[in-house]
Amino acid sequence: MIAARSTRVSYGFDAPYVLIGLGAVALGYLIALILVGIYGTAIAFWVVAIITIAMIAQIGLFLYATRRGKFQVWSELLDRLALRGDERVLDLGPGRGAVLLAVARRLSTGRVVGIDLWRTIDQSGNSAEIAERNADACGVADRVELCTGDMTALPFPDNEFDVVVSSLAIHNIKSATGRAAAVREALRVLRPGGRMVIADISKAPEYREVLSANGARDVTIEPLGWRMWFAGPWMSTNAVMATKPA
């Protein structure tokens with residue numbers, strides 16, 4: 001299993017401003033609960049109490065998903081890929097390196113390339129420098145290559161990678177046209193017979209449609225369960241898996 005935390009490696013928090021927003025709302029309800037407890041009716045108190053508990057539970061699920069759950073789920077997804085160790089792998093939007101480094105640990109002579117725009121709105125402290133530092137701390141820097149670029153126009157030739165992975169990244173592209181371009185690009189740089197795994201919130205059917213329309217085979221969607229609920233089942237994560245025809 002992937003270690004979710006390390007004394008030397010820090011992966012930050014996904015969507016930090018969403019987490020801050022949830023915390024602010026929960027704090028507001030907690031203050032309201034105190035005031036209603038002093039000045040309000042018993043019914044009002046219990047209504048606000050239930051809402052407050054629900055908000056705190058959402059924060060707990062979010063924190064679990066970003067600090068532990070996604071590591072467990074991706075460990076299982078990568079185990080299912082059964083990498084030989086000599087593959088060339090592309091990670092779209094690696095951030096501080098949670099999946100990137102999990103892949104690197106499974107490689108011997110292979111290499112994993114991460115491409116990102118390194119936006120801190122998507123992940124706290126998101127930067128190539130921190131990802132490099134984490135790779136060095138994990139002892140896999142020799143198997144990792146990082147570059148800055150747009151996943152809708154990848155700077156790689158056709159059929160370059162054996163595997164393409166992406167975790168909680170493509171949905172950050174605001175337009176459906178842009179997300180479709182990113183998925184098409186991922187398929188373009190994948191070698192014939194290569195495999196793709198995209199774990200993301202809310203957009204899985206969209207990715208499946210693009211992949212199927214562009215000739216990918218064995219395109220499936222798999223719910224990843226409560227460990228990757230970012231606040232609740234309404235923000236659940238699905239894995240889209242596909243193979244490029246040989």
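This is a predicted model: local features need pLDDT of at least 70, side-chain atom pairs count only at pLDDT 80 or more; totals for chains, interfaces and linings use all residues.
Residues are numbered from 1 along each chain as its sequence is written, and side-chain values use heavy atoms, without hydrogens or water. Local features require pLDDT of at least 70 and side-chain atom pairs pLDDT 80 or more, whereas totals for chains, interfaces and linings use all residues.

Helix α1 spans residues 16–39 and helix α2 residues 42–81; helices are DSSP runs of H or I, at least four residues, and strands runs of E, at least two, numbered from the N terminus. α1 has 24 residues. Its first and last C-alpha atoms lie 35 Å apart, close to the 34 Å expected at 1.5 Å a residue (1.5 Å times one less than the number of residues).

The axes of α1 and α2, lines fitted to C-alpha atoms over the stretch in contact, come within 9 Å and cross at roughly 155 degrees. α1 is therefore roughly antiparallel to α2 (angle over 145 degrees, on a scale from 0 to 180 between N-to-C directions). The contact (heavy atoms within 4.5 Å) includes L22, A26 and L33 of α1 and V48, I59 and F62 of α2. By class, it has 19 nonpolar, four polar and no charged residues. P16, L19, L22, A26, L33 and V36 are the buried residues of α1 (under 20% relative accessible area, 1.4 Å probe, protein chains only). These residues pack against α2.

A82 is not a glycine, yet has a positive phi of about 50 degrees. A82 is in the loop between α2 and β1 (88–92). A82 is exposed, at 55% relative accessible area (cut-off over 50%).

Methods:
Angles under 35 degrees count as roughly parallel, over 145 as roughly antiparallel, 65 to 115 as roughly perpendicular and the rest as oblique. Ala, Val, Leu, Ile, Met, Phe, Trp, Tyr, Cys and Pro count as nonpolar, Asp, Glu, Lys and Arg as charged, and the others, Gly among them, as polar.
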